[in-house]
Amino acid sequence: MISTAPTPQDWDLLAEATGAQDLQESTSAYWQHRYAYDAGSLASEEYWSLVCGERVERVRSAWLDVLDGNQWSHPNLETLDVLEDLDSRGEQLALLSNMPAAMVSQLSSAPWTRLFRHLFFSSSLSLVKPSPAIFEQVLAELSVDAAQVTFIDDAPANVAAARALGIDARLFDASSDLSRMLSQPADAGVPTALG
């Protein structure tokens, strides 16, 4: 949501650097091991070794992390406009993202991070969406009830998991108008936006 999907050129750059083709396919080693990487269960060298099918040392894995971070950091300017508007109105914004530690380090100084009062990353929590435990952890740290939260996500499984806990969860896609989506009435008050 905050960034647009990687472009075909992004995937081509990563494929060239890894020597692995079709990384964007759900059956690729990139995705098969991604939850473990996002959860912090795999170190960078371990993850990229699995993706490349050969041992990857620290310098190469750091470069692959940069390419990977770059492909997931093309800002969605429409979303950022909405977030800036919400922030200017004093809304309590929190981010919950599946993101490996290397990417968190790379993107932690991005200007958009200042729009959020709270930043939650899977690699820091050792939990990954759509696990109910990650939502429960975030709710506990925010000290809010599920009914007080509006959660926006582009993955149906994440939205379903949040809804099962009583969170007002809404599915976002590339054609969504985020401002209109947030103006729709919720089942309960929603002082905190999480997504």
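Q: What volume does the largest pocket have in this predicted model?
A: We're working from a predicted model here, so no experiment stands behind the coordinates. Computed on that model, the volume of the largest pocket is about 1100 Å³.

Q: Which residues lie closest to the centre of the largest pocket?
A: The lining of this pocket takes in 35 residues. Elements that give two or more residues to it are α2, α3, β1 (92–97), α7 (101–107), β3 and α10 (156–164). Closest to the centre are Met1, Ser3, Trp72, Ser97 and Asp154.

Q: How many residues of the largest pocket's lining are nonpolar, polar and charged?
A: Tyr and Trp go in with the nonpolar set, and Gly goes in with the polar one. Sorted that way, the lining divides into 21 nonpolar, eight polar and six charged.

Q: Which element supplies the largest share of the largest nonpolar core?
A: That core has 21 residues, and Ile2, Leu83, Trp112, Phe116 and Leu178 touch the most other members. Helices α6 (77–88), α7 and α11 (178–183), along with strand β1, each put in at least two residues. The largest share, four residues, comes from α6.

Q: Is Asp38 buried or exposed?
A: Buried means under 20% relative accessible area. Arg34, its salt-bridge partner, has 6% and is buried. Asp38 has 6% relative accessibility, so Asp38 counts as buried.

Q: How far apart in sequence are the parts that Arg34 and Asp68 tie together?
A: Arg34 also forms a salt bridge with Asp68, with the closest N and O atoms 2.8 Å apart. Arg34 lies in helix α3 and Asp68 in helix α5 (residues 58–71), so the pair ties together parts of the chain separated by 34 residues.

Q: Where do Lys129 and Asp153 lie?
A: The side chains of Lys129 and Asp153 meet in a salt bridge at 2.8 Å, N to O. Lys129 is buried at 7% relative accessibility, and Asp153 is buried at 4%. They're 24 residues apart and link distant parts of the chain: Lys129 is in the loop between α8 (122–125) and α9 (132–142), Asp153 in strand β3 (residues 149–153).

Q: How many aromatic pairs are there, and what is the geometry of Tyr30 and Trp31?
A: The count of aromatic pairs comes to 11. For Tyr30 and Trp31 the ring centres are 4.9 Å apart with 80° between the planes. Planes over 60 degrees apart go in one class, so this pair is edge-to-face.

Q: Is Trp31 buried, partly exposed or exposed?
A: Tyr30, its ring partner, counts as buried at 0% relative accessibility. Trp31 has a relative accessible area of 30%, between the 20% and 50% cut-offs. That makes Trp31 partly exposed.

Q: Which helices do Tyr30 and Tyr47 lie in?
A: Tyr30 and Tyr47 form an edge-to-face pair, 6.1 Å centre to centre with 65° between the planes. Both are buried. They're 17 residues apart and link distant parts of the chain, Tyr30 being in helix α2 (residues 29–32) and Tyr47 in helix α4 (residues 44–52).

Q: Which residues form one aromatic cluster with Tyr30?
A: Tyr30 pairs with Trp31 and with Tyr47. The cluster that holds Tyr30 also takes in Trp11, Trp31, Tyr37, Tyr47, Trp48 and Trp72.

Q: What distance separates the C-alpha atoms of Gln137 and Asp85?
A: Gln137 lies in helix α9 and is partly exposed, with a relative accessible area of 33%. Asp85 is 52 residues away along the chain, and the C-alpha separation is 27 Å.

Definitions and conventions:
Residues are numbered from 1 along each chain as its sequence is written. This is a predicted model: local features need pLDDT of at least 70, side-chain atom pairs count only at pLDDT 80 or more; totals for chains, interfaces and linings use all residues. Side-chain values use heavy atoms; hydrogens and water are left out. A salt bridge is a side-chain nitrogen of Lys or Arg within 4 Å of a carboxyl oxygen of Asp or Glu. Buried means under 20% relative accessible area, exposed over 50%, partly exposed in between (1.4 Å probe, protein chains only). Rings of Phe, Tyr and Trp (its six-membered ring) pair if their centres lie within 6.5 Å; planes under 30 degrees apart count as stacked, over 60 as edge-to-face and the rest as tilted. On a 1 Å grid over the protein atoms alone, a cavity is a set of points where a 1.4 Å probe fits but cannot get out, and a pocket is an open set with protein on both sides within 12 Å along at least five of seven lines; lining residues have an atom within 4 Å of a point. Grid points are joined across faces, edges and corners, and a volume is the space filled by probe spheres set on the points. A nonpolar core is a set of buried Ala, Val, Leu, Ile, Met, Phe, Trp, Tyr and Cys residues joined through side-chain atoms within 4.5 Å.
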